[in-house]
Amino acid sequence: MMRKTFTTLALFFVFSHMAWANPQEISSGDTAWMLLSAALVLLMTPALAFFYGGLVRSKNVLNTMSMSFSALGFVGVAWIAVGYTMAFGAGNLFLGDFNFAFFNNVTTAADNTGLGVGAITIPHLLFALYQGTFAIITAALISGAVVERMKFPAYIAFITLWAVLVYAPMAHWVWGGGIMAKIGDLIGGSFAGLFALDFAGGTVVHINAAVAAVVVALMVGPRKDYAKKAILPHNVPFVLLGAALLWLGWFGFNAGSAWASGELAAVAFVNTAVAPMATLVAWNLLDIFKKGHATAVGTATAIVVGLVAVTPAAGFVSTFNAILIGVIAAFPCYFAIEYRVRTKLDDSLDVLAAHGVGGFTGAILTGVFAQKTVNAAGLDGLLYGNPAQLVIQFVAILVAIVFSAVMTYLLVKLIGLVLPIRPNEKEEGLGMDITQHGEEAYTSGEGAILVLDSELQAAEASASVREFRPVLT
Amino acid sequence: MKLIVAMIRPEKLNDVLRALYKIDVRGFTTSKVEGHGAEAEVVQTYRGTTVKMTLNEKVRLEIGVSESFVEPTVEAIMSAARTGEVGDGKIFVLPLDKVYRIRTGEEDAAAVTPVPLSI
């Protein structure tokens with residue numbers, strides 16, 4: 001995508017005698033920042049586990065947190081196996097090729113041979129892993145819509161396949177040289193030369209995950225207690241801890257998306273700091289005027305909404321415009337959350353309202369506020385004389401929504417043929433921690449009697465122990 | 001002998017304990033409980049969800065006392081736990097058939113803490 005061209009151009013001036021040679025010389029500064037960025041983005045998934053885990057009831061906290069943690073393993077391995085090459089292999093307009101399956105041919109040289117991206121100045125190996133951390137967090141985001149009521153094996157199967165079959169293609173379209181990177185030329189006419197601006201993944205990550213979340217939530221159905229009983233967050237400090245760690249990790253997500261250290265990374269870094277600040281102010285004030293209190297859950301939510309909204313814009317807009325994006329995004333997301341709980345859609349932790357509405361607002365506002373004076377490799381937006389960019393942003397979002405919705409629907413249907421998706425009411429009532437994982441989060445051990453090996457066989461045979469054992473049946 | 005059961009505000013527990021120690025009542029059990037009384041319900045909001053909390057946190061005290069300690073104990077609790085606002089709690093005084101001290105097997109008045117001076 002174009003910000004890579006920016007790096008390339010910069011290098012052209014510095015090393016003009018060898019600008020297009022492959023491999024590039026490794027930049028130790030870029031590599032240092034990207035090593036850290038990869039670790040920061042990896043941290044976002046455990047952070048999400050705390051954010052989501054605090055929002056559910058105590059009987060479901062381990063299940064909810066495992067939905068994120070297990071993504072680190074299953075999606076991570078799937079990414080290395082086939083996800084990466086499908087996303088970033090040169091391939092065609094729709095899908096990468098399989099040259100880099102299992103990280104084959106992924107070397108430590110700054111070599112973009114066979115990749116659908118511009119020149120890189122960091123080891124290809126690091127680039128490949130950095131991109132994997134995005135796939136993991138995106139898949140884990142979906143879990144917020146189906147917490148407290150989905151069989152764990154079916155969930156694992158779903159996010160693993162989703163990361164490969166939905167995330168990887170879309171990443172290819174936007175970042176790997178696919179259709180969204182060439183969307184202007186594909187539409188033609190006055191749109192020629194334009195492309196969808198998505199700096200760090202507003203469309204690929206947030207809109208994509210949110211649409212999938214809604215589809216899965218509708219297919220799995222609402223929790224049995226939804227809209228009947230009060231369902232309260234069991235640990236608000238966890239929610240705040242998660243928000244804090246997400247914010248920290250997001251610096252790697254957004255500023256790391258410069259794929260280099262330097263001016264562009266600094267722009268994205270500052271925007272990642274200021275947009276959530278602005279959202280937080282707007283959200284607290286909305287809370288005070290509407291409810292009489294600035295809520296802590298609201299503060300945590302605001303931070304995430306601000307981060308989501310600035311994600312596509314991070315490397316394309318000025319600091320002032322990033323603040324505007326943060327403030328503006330607070331309003332549709334705030335009212336979307338207020339409205340959603342009154343509907344039949346049990347998108348339990350508001351993936352749609354935070355990531356979907358926030359991602360949509362951010363992607364559109366990127367088309368409004370983007371400036372070439374901020375990033376020469378970007379494009380101007382509506383306010384800077386390029387109204388056509390807004391159309392491009394809309395088309396890209398629309399393509400993402402349709403693709404994500406259709407593919408997610410098919411995947412859940414497919415998995416439903418093989419694995420049970422929904423636990424029965426009794427299991428749901430007892431909680432997913434006991435029924436899906438055979439553990440409890442907050443147990444004192446009182447009343448727990450040690451089962452000796454010699455007794456185990458007899459115990460296995462007794463119905464009272466066997467009942468919660470096999471999650472697959 | 002009587003069993004005195006009192007429901008008090010959690011934030012008044014320290015005051016009540018101090019008052020009980022002052023009159024030498026040193027044997028009791030406390031537990032955290034929740035209940036509903038005459039208080040107005042507290043409204044909370046979590047994201048878009050508004051709930052009213054119908055149960056209020058209280059501390060439950062259980063004190064087995066000999067007859068001479070009943071009135072001082074009740075008075076100590078009453079004065080230390082009172083704020084004058086709705087929600088100060090209740091004191092129940094129940095007849096007590098039998099008391100055993102597990103360590104020694106002592107019974108009744110010899111088994112309550114403190115042991116009354118008269119025996």
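Predicted model: local features only at pLDDT ≥ 70, side-chain atom pairs only at ≥ 80, totals over all residues.
The interface involves 16 residues of chain A, which are in contact with eight residues of chain B. The size of an interface is often given as the accessible area lost when the parts come together. For chain A and chain B about 980 Å² is buried between them, and 62% of this area is on carbon and sulfur atoms. One salt bridge is found across the interface of chain A and chain B. The side chains of Asp350(A) and Arg47(B) meet in a salt bridge with an N to O distance of 3.8 Å. On the side of chain A that touches chain B, at least two residues each are supplied by helix H2 (28-55), helix H10 (296-310) and helix H11 (319-340). The residues of this side of chain A divide into 10 nonpolar, two polar and four charged.

Asp350(A) is placed in the loop between H11 and H12 of chain A. With a relative accessibility of 2%, Asp350(A) counts as buried. Its phi is positive, at about 60°, although Asp350(A) is not a glycine. A positive phi is also found for Phe102(A), near 55°, again in a residue other than glycine. Phe102(A) lies in the loop between helix H3 (61-88) and helix H4 (124-142) of chain A. Phe102(A) has 61% relative accessibility and therefore counts as exposed.

Helix H11 of chain A comprises 22 residues. From its first C-alpha to its last, H11(A) reaches 32 Å, close to the 32 Å expected at 1.5 Å a residue. The buried residues of H11(A) are Asn321(A), Ala322(A), Ile325(A), Gly326(A), Ala329(A), Ala330(A), Cys333(A), Tyr334(A), Ala336(A), Ile337(A), Glu338(A) and Arg340(A). The cover over these buried residues includes helix H9 (263-291), H10 and helix H12 (351-369) of chain A.

Over all chains, 21 salt bridges are found in the whole structure. In chain A, the side chains of Lys224(A) and Asp225(A) meet in a salt bridge at 3.3 Å, N to O. Lys224(A) has a relative accessible area of 21% and is partly exposed, whereas Asp225(A) is at 7% and counts as buried.

In chain B, Lys58(B) forms a salt bridge with Glu39(B), with the closest N and O atoms 3.0 Å apart. Lys58(B) lies in strand S5 (residues 56-65) and Glu39(B) in the loop between strand S2 (29-35) and strand S3 (42-46) of chain B, so the pair ties together parts that are 19 residues apart in sequence. Lys58(B) and Glu39(B) are both buried. A salt bridge is also formed by Lys52(B) with Glu41(B), where the closest N and O atoms are 3.8 Å apart. Lys52(B) is in strand S4 (residues 49-53) and Glu41(B) in the loop between S2 and S3 of chain B, and this pair links distant parts of the chain, 11 residues apart. Lys52(B) is exposed at 53% relative accessible area, and Glu41(B) is partly exposed at 34%.

Salt bridges that share partners join Arg57(A), Glu148(A), Arg149(A), Arg223(A), Lys224(A), Asp225(A), Lys229(A) and Asp346(A) into one network. Arg149(A), one of the residues of this network, lies in the loop between H4 and helix H5 (152-174) of chain A. Arg149(A) is buried, with a relative accessible area of 0%. The side chain of Arg149(A) reaches the backbone oxygen of Gly221(A) at 2.5 Å. Neighbours within four places in sequence aside, the residues in contact with Arg149(A) include Ala217(A), Val220(A), Pro222(A), Arg223(A), Asp346(A), Ser348(A), Ile421(A), Glu428(A) and Met432(A).

In chain B, Leu17(B) is found in helix H1 (residues 13-22). Leu17(B) is buried, with a relative accessible area of 16%. The C-alpha atoms of Leu17(B) and Ala81(B) are separated by 9.8 Å, and the two residues are 64 residues apart along the chain.

Key: Residues numbered from 1 in each chain as written. Chains lettered and ligands numbered in written order. Heavy atoms only, no water. Salt bridge = Lys/Arg side-chain N within 4 Å of Asp/Glu carboxyl O. Buried < 20%, exposed > 50% of the residue type's maximum accessible area, 1.4 Å probe, protein only. Helix = DSSP H or I, 4+ residues; strand = E, 2+ residues; numbered from the N terminus. Contact = heavy atoms within 4.5 Å. Buried area = accessible area lost by both parts, 1.4 Å probe. Nonpolar A, V, L, I, M, F, W, Y, C, P; charged D, E, K, R; others polar. Expected span 1.5 Å × (residues − 1). Polar contact = N/O pair within 3.5 Å; in protein donor to acceptor, adjacent residues only side chain to side chain.
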